[in-house]
Amino acid sequence: MISLLAFTMAVVQSNEDLIRQIDPNRIKATIEELVKFPNRNTNNETLFRAADYLEAEYKKIPGLIVEQMHYTAKPMARVPVQKDVVEVVAILPGEDSRRVIVGGHFDTINMKVRDLNSVARGADDDASGTALALECARVMSQKKWKHTLVFVAFSGEEQGLLGSAALAARARKEGWKIDAVLSNDIVGESRNAQGQVDGRHVRLFSEDPADQVTRTRNADAGPARLHNSRELARFIEWNFRGKVRVFAPKLVFRKDRFQRGGDHTSFNNEGFSAVRFTEVFEDFTHQHSDQDLPEYLDYGYIANVTRVNLFSAATLANAPEPPASVRYDRPQAHDTGLSWTSAQGVEYVVYWRETQSATWQGFRNVGAVAKAEIKGVNKDDCIFAVGAVGGVPVEAK
């Protein structure tokens with residue numbers, strides 16, 4: 001029988017081989033096609049033509065089931081009249097129905113000129129995230145996965161997350177079991193007009209599920225469904241360490257940028273774990289204008305963000321079920337005992353970090369067991385979690 005260590009190393013090596021196949025030139029070509037549309041405003045026919053283009057590109061990839069998903073955008077501040085709108089959903093079926101979603105939004109808006117037909121090519125916001133998802137699909141389609149992968153080009157983001165809200169509501173209604181949503185929005189520039197530069201990091205935003213305890217989607221929604229987004233973000237950072245030289249996710253522990261939002265929040269609101277990737281130094285002079293152009297993009301940078309997404313999705317796409325009811329042993333001690341509800345044949349990892357640390361500092365593979373003791377590390381000073389090998393950890397209580 002193959003050992004856990006050998007199996008884990010083989011999986012990591014396989015995923016590292018995949019990220020080497022990410023092609024900045026393909027990403028660039030997709031963005032250059034998208035910016036040929038003067039705008040991709042959700043209210044306009046150009047959005048439908050852009051959706052046709054993306055649908056055709058996804059259909060070129062063997063094994064994908066591709067659809068243009070329709071939903072209704074009701075009249076509001078940025079939607080003058082009720083509209084039928086489309087977005088593109090491409091599914092790569094796995095052995096089971098658990099799902100990992102990678103996406104970006106392909107609609108654009110010009111906030112400098114209040115005219116639905118004004119030029120808004122949206123190279124960074126968000127052709128960059130849209131091209132990233134398509135590139136992940138091209139590479140990941142070469143393998144068979146335990147879980148189902150879903151690649152999405154969202155629309156209606158600039159009108160208030162309309163497309164992601166429609167898909168998240170559909171996912172809840174149809175009973176999708178979503179392990180993770182990786183949303184990519186504004187991931188194309190490594191520098192801004194103020195001269196700030198950071199080509200070595202991508203920000204990774206995550207909401208604390210405790211912030212949802214009192215939040216509801218509407219008066220009849222009942223208590224908010226909790227997600228595990230903060231631990232998903234921690235796991236992505238930990239899992240990707242050392243995979244690409246001098247590039248890493250930078251954890252930001254808030255739902256999104258100050259007073260702004262993104263498509264991941266629609267899934268958080270439905271109780272799904274979802275996070276957002278965004279470049280470190282956004283160029284606000286380009287966003288939501290006619291100056292969001294491909295010549296400002298750093299395609300090597302976008303490729304590295306794509307690698308983070310692909311490696312994370314690939315790891316999660318083969319992960320076992322997470323443990324349930326992770327608990328500390330009650331006695332006071334300098335060692336820490338933990339127990340959990342395990343699944344047959346699943347091997348587990350114990351993680352820990354000091355209370356002031358945002359990221360995991362230690363871990364131990366403990367095998368196919370339902371309890372473990374970590375010698376010399378105590379629960380007064382550290383926070384512990386347990387995860388299946390390759391899966392998002394569950395914090396001990």
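Leaving aside its neighbours within four places in sequence, Phe-151 is in contact (heavy atoms within 4.5 Å) with Tyr-58, Leu-64, Val-88, Val-89, Ala-90, Leu-92, Val-102, Ala-133, Cys-136, Ala-137 and Met-140. This is a predicted model, in which local features need pLDDT of at least 70 and side-chain atom pairs count only at pLDDT 80 or more, while totals for chains, interfaces and linings use all residues. Residues are numbered from 1 along each chain as its sequence is written, and side-chain values use heavy atoms, with hydrogens and water left out.

Let us follow α8 (residues 299-316) to its partner, α6 (residues 229-240): the two helices pack at an angle of about 105 degrees, with their axes 10 Å apart. Helices here are DSSP runs of H or I, at least four residues, and strands are runs of E, at least two. Axes are lines fitted to C-alpha atoms, for helices over the stretch in contact, and angles run from 0 to 180 degrees between N-to-C directions. The pair is therefore roughly perpendicular, a label for angles of 65 to 115 degrees. On the α6 side, Leu-232, Phe-235, Ile-236, Asn-239 and Phe-240 meet residues of α8 that include Arg-307, Phe-311 and Ser-312. Look at Ser-312 in α8: this serine is buried, with a relative accessible area of 2%. Beyond its neighbours within four places in sequence, Ser-312 is in contact with Leu-182, Ile-236 and Asn-239.

Now turn to α3 (residues 45-59), whose 15 residues should span 21 Å at 1.5 Å a residue; its end C-alpha atoms are 21 Å apart, which agrees. The expected span is 1.5 Å times one less than the number of residues. Buried residues of α3 include Leu-47, Phe-48, Leu-54 and Tyr-58, and what covers the buried residues of α3 includes α2 (24-34), β1, β2, α4 (123-140) and β4.

Finally, visit α5, where Leu-162, Gly-163, Ser-164, Ala-166, Leu-167, Ala-168 and Ala-171 are the buried residues. Their cover includes β1 (65-73), β2 (83-92), β4 (148-154), β5 (177-184) and α7 (264-269). Just after α5, Gly-175 takes a positive phi of about 75 degrees.

How values were computed: Buried means under 20% relative accessible area, exposed over 50%, partly exposed in between (1.4 Å probe, protein chains only). Angles under 35 degrees count as roughly parallel, over 145 as roughly antiparallel, 65 to 115 as roughly perpendicular and the rest as oblique.
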